[in-house]
Amino acid sequence: MTTKILHNARLIDGTGADAVPDAVLVIDDGKITYAGPSAGAPQIDESTNPVRVDVGGNTVTPGFFDCHVHLSLPGTKGSPIMAAMVPESYRFFELIGRLKTTVAAGVTTVRDLMGVDVGVRDAVKHGLVEGPRLLVADKMFSQTGGHADFHIPSGLDGTGLIGGVIVDSVDEARKEARALLREGVDVLKIASSGGVTSPSDDPDWLGARTEIVAALVEEAHNYGGRKVAAHAIGLAGIQAAIQGGVQSVEHGYALTDELRTEMVERGQFLVPTLIETLKPDTATPQAVAKSSKWHALAHESIQASVEAGIKVAVGTDAGLVPDHGDTLGELGCLVKFGGMTPMQAIVAGTKTSAELCDVAETLGTLEAGKLADVVVVKGDPTTDIDSLADKDNILLVLKEGKAASNRGAYTI
Ligand SMILES: [Zn+2]
């Protein structure tokens, strides 16, 4: 048995409880056996040669989540069209650096909502490549002409390349859903509204009607209790998502108070993706124009959603706009625009996100019995939430007790 002890730590356990100033974390074989004040720490059997790490008064938090990423996309370092210019095999190698950057930024679990399949998830799980634990949707559904339809005006069809799947009837939706569920995806993704980057629609438009959303929700539920995430920016798409019974509304910028109440009643999550704003040099002029309008609305509307009591999880669309590894900047946005306290933003990025990902039994908080996904952050993020966004402050990242990144050069 390997025992690791992090001491001289400020503990933020992710439950929302106040930070514990002089805390100890004990990890046995990748699981937490104690997280709390040093005064109450258990006696350690020295004959087991425990590894003791003095974290120098810095803060220990749970591994963070990003519930909305696209590892297949290059972020601001390139344009999605580059995917069309290389063989498919090349794109797998591009994932290696993105996975590493993400976990080194303190994100130990991601939900990829279009673009990578279960093979990538399992390659990380089996240790073939280093990265955050993945949950994958693989494909994104919409109707013809919707957000998943990447027929571009030149006549080229990029739908399959980006991971889109087109369904125009309930029967088509059920069949495609079953094929994905058979493959073993963790979640289904539907674009019930139009999108910012898609070539032929608008976020105000409907991307899939309620009965199609509801059919996916039913199929996913029947297949081992899986869930559906809906890309929904404008009102019509948000309404179809909520009333179709999805588990999470992604973006949700045009939410109304009435629909906020309905989300709370249904226990649905919101993943507000506040950090994304398209830059003119990586997107078409049409997409940039859509982006500035809709992302301004995102910043205006989030506070009412937080105040309504909707469960808010952290997701960024990393790969599309923010770069891989920029996830924790979203927490600063939740404070700045959403009116959350820094502690509430940390809970959104840990415990609440773990609930959305259906892994709260083993992840999301630092409590005895849970997997040791742990981040050591320089300083105190409850007094400076933006400090999390600076990767130099992410001193150590443990995934199931093993160092995935060690900028602080600790002996562990
Ligand atoms: Zn997305």
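Which side chains meet in a salt bridge at 2.7 Å, N to O, with R174 as one of the two? Point 3 takes this up.

1. **Ground rules.** This is a predicted model, in which local features need pLDDT of at least 70 and side-chain atom pairs count only at pLDDT 80 or more, while totals for chains, interfaces and linings use all residues. Residues are numbered from 1 along each chain as its sequence is written, and side-chain values use heavy atoms, with hydrogens and water left out.

2. **Zinc site.** Three residues coordinate the zinc ion: H68 through NE2, H70 through NE2 and D317 through OD. The distances run from 2.0 to 2.1 Å. Donors here are N, O and S atoms within 2.8 Å of the metal (3.2 Å for Na, K and Ca). Water is not among the atoms, so sites may look incomplete. Along the chain, the zinc donors are spaced H-x1-H-x246-D. H68 and H70 are both buried. Buried means under 20% relative accessible area, exposed means over 50%, and partly exposed lies in between (1.4 Å probe, protein chains only).

3. **The E219–R174 bridge.** The partner of R174 is E219, and their side chains meet at 2.7 Å, N to O. A salt bridge is a side-chain nitrogen of Lys or Arg within 4 Å of a carboxyl oxygen of Asp or Glu. The pair links distant parts of the chain: E219 sits in helix α5 (residues 210-222) and R174 in helix α4, 45 residues apart. Helices (H or I, at least four residues) and strands (E, at least two) are DSSP runs, numbered from the N terminus. E219 counts as buried because its relative accessibility is 7%. R174 is partly exposed, at 21%. Salt bridges with shared partners join R174, R178, E218 and E219 into one network.

4. By the same rule, the count comes to 20 salt bridges. One of them joins D373 to R133, with the closest N and O atoms 2.7 Å apart. D373 lies in the loop between α10 (342-356) and β16 (374-377), R133 lies in strand β8, and 240 residues separate them. Both D373 and R133 are buried. R133 also meets the side chain of E400 in a salt bridge, at 3.0 Å, N to O. That pair too links distant parts of the chain: E400 is in the loop between β17 (394-399) and β18, 267 residues from R133. Why does R133 count as buried? Its relative accessible area is 16%, and the limit for buried is under 20%. E400 is partly exposed, at 37% relative accessibility.

5. **Acidic patch.** D168, D171, E172 and E176 gather in a patch of negative charge on the surface. Patches are made of residues with over 30% relative accessible area and no salt bridge; like charges are joined within 9 Å, and nonpolar side chains (Val, Leu, Ile, Met, Phe, Trp, Tyr) within 5 Å. Lys and Arg count as positive and Asp and Glu as negative, with His and the chain ends not counted. The place of a charge is NZ of Lys, CZ of Arg, CG of Asp or CD of Glu. E172 is partly exposed, with a relative accessible area of 38%.

6. **Nonpolar patch.** F92, F93 and I96 make a nonpolar surface patch of about 320 Å². Accessible areas come from the Shrake-Rupley method with a 1.4 Å probe; for residues, only the protein chains shown count as cover. F93 is in helix α1 (residues 88-104). F93 is exposed, at 62% relative accessible area.

7. **Positive phi angles.** H251 is not a glycine, yet its phi is positive, at about 85°. H251 lies in strand β13 (residues 248-251) and is buried, with a relative accessible area of 3%. A409, also a residue other than glycine, has a positive phi near 50°. A409 is in the segment after β18 (402-405) and is exposed, at 62% relative accessible area.

8. **Two C-alpha distances.** P322 and E276 are 46 residues apart in sequence and 5.8 Å apart in space, C-alpha to C-alpha. P322 lies in the loop between β15 (311-312) and α9 (329-336) and is buried, at 7% relative accessibility. L134 lies in strand β8 (residues 133-136) and is buried, at 5%.
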